Amino acid sequence: MKTPFTMLALLLLAPLPGYGQGSAQQAQQAAAAGRAAQLAIEAGSPKLAVTEEILPLRIPGHTLGETEGVSRNKAGHLFVYSRTGWGGSSRGGTAARLFEFDQKLKYVKEWLPDSYGASFAHAVRVDAQQNVWVVDEGSNTVQKVDPTGMVKMVLGRKPESIDWWEEFVERGGKDTNLHPNGTMGTFNRPTDVAWDGDGNIFVSDGYVNSRVVKISKDGEWLKAVGTYGSGDLQFHIPHGIAVYGGLVYVADRNNSRIQVFDLNLNFQKYITGIGQPWSIQVTPKYIYSGDGTGKIYRLDHDGKLLGWAQTSLGQGQTGCLIHSLH
């Protein structure tokens, strides 16, 4: 049977430094135990039959590159945020480009060319008003772009190359806090964005900060929840976020769990048994989560695993990531 979602963004990323704690042997043992436990869960769950299609996306004079974010608007147009470009990947680089394709997958245009906030792509989302939201891990910004392509709001601030030069070269500073608590008004490598019915904005933030932020529809920063770790109200790379039915779902990737909050960011429960959730999508019927082995998990709204599907085989890689789901 065909699954009721479109899946793109299958890619292979090397692990970033600072992911583990303790000795390398302890980390390997814990990882092996986690994989064994996950396989046991999957053995007791249905394996879903899916139809997988590699979309023939073509861009005149350019290659799509490493796809990070995917979303569709109401007209069925496909938006792909790609980690590619003419320059470097951060601090002024422009290694991020946003492409639009029509219902027949024909190239339409590039959005936000040479954007100040396009540095190292991570996610793209389309809201109910058809605004396109761009989450950029390198520039530490989330941009709201209206359907005409006009930037209407920028959340966060891009760190300038001169800031780093002054602090760490001229003044001899040292970056000793790898996981700060974060400050209101700025992100540190954000990963995803979602909204509630009132237009409030929720951002998973992210690779350095370890938290979820709630922002009003007018851009006022209201609340931040989370610190680095594996305990309650802690995250180890909040990598994706979704809002549905009065709840906020956060893919707490390296803790191998989804954390569920109410709309005021009060903790409700954990969902486990879904590998390492790189991405999350909630539909009227199901919760979907994608992990780093090319597997997609289907759950009911109570978090019960209903089945799983293996994707991305036969393409020359054995560890493709489900980086984004729509």
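Residues count as buried at under 20% relative accessible area, as exposed at over 50% and as partly exposed in between, with a 1.4 Å probe and protein chains only. The model is predicted: local features need pLDDT of at least 70, side-chain atom pairs count only at pLDDT 80 or more, and totals for chains, interfaces and linings use all residues. Residues are numbered from 1 along each chain as its sequence is written, and side-chain values use heavy atoms, with hydrogens and water left out.

**Figure 1. Overview of the protein, with two helices and 24 strands.** Helices (H or I, at least four residues) and strands (E, at least two) are DSSP runs numbered from the N terminus. Of the 326 residues, 51% count as buried. A contact requires heavy atoms within 4.5 Å. Among contacts with a separation of 6 or more, 50% join residues 24 or more positions apart.

**Figure 2. The open, antiparallel sheet β16-β17-β18-β19.** Two strands pair if DSSP finds at least two bridges between them. β16 (238–244) and β19 (267–271) stand at the edges with a single partner strand each, so one side of each has no neighbour in the sheet. From one strand to the next, the twist averages 20°; axes are lines fitted to C-alpha atoms, and angles run from 0 to 180 degrees between N-to-C directions. Strand β18 (residues 257–262) pairs with β19 in the antiparallel sense over four bridges, and I258 has I271 of β19 as its bridge partner.

**Figure 3. The hairpin of β16 and β17.** β16 is mostly covered, five of its seven residues being buried. Six bridges join β16 to the antiparallel strand β17 (residues 247–252), and A242 stands opposite Y249 in β17. Two residues lie between the strands of this hairpin, and G245 in the turn has a positive phi of about 60°.

**Figure 4. The open, antiparallel sheet β6-β7-β8-β9.** The edge positions belong to β6 and β9 (151–156), each of which has a single partner strand, so one side of each is left without a neighbour in the sheet. Neighbouring strands of this sheet are turned by 15° against each other on average, direction ignored. Strands β7 (residues 132–136) and β8 (residues 141–145) run antiparallel and are joined by five bridges; V132 has V145 in β8 as its bridge partner.

**Figure 5. The largest cavity and its lining.** A cavity is a set of points on a 1 Å grid over the protein atoms alone where a 1.4 Å probe fits but cannot get out, and lining residues have an atom within 4 Å of a point. Grid points are joined across faces, edges and corners, and a volume is the space filled by probe spheres set on the points. There are two cavities of 30 Å³ or more, and the largest holds about 50 Å³ of space. Its lining comprises 13 residues, with R125, D192, H239, H323 and S324 nearest the centre. The elements giving two or more residues to this lining are β6 (121–126), β10 (190–195), β16 and β20. β6 provides the largest share, three residues.

Figure 6. T283 is buried, with a relative accessible area of 17%. Not counting residues up to four places away in sequence, T283 touches Y244, Y288 and H301.

Definitions and conventions:
On a 1 Å grid over the protein atoms alone, a cavity is a set of points where a 1.4 Å probe fits but cannot get out, and a pocket is an open set with protein on both sides within 12 Å along at least five of seven lines; lining residues have an atom within 4 Å of a point.
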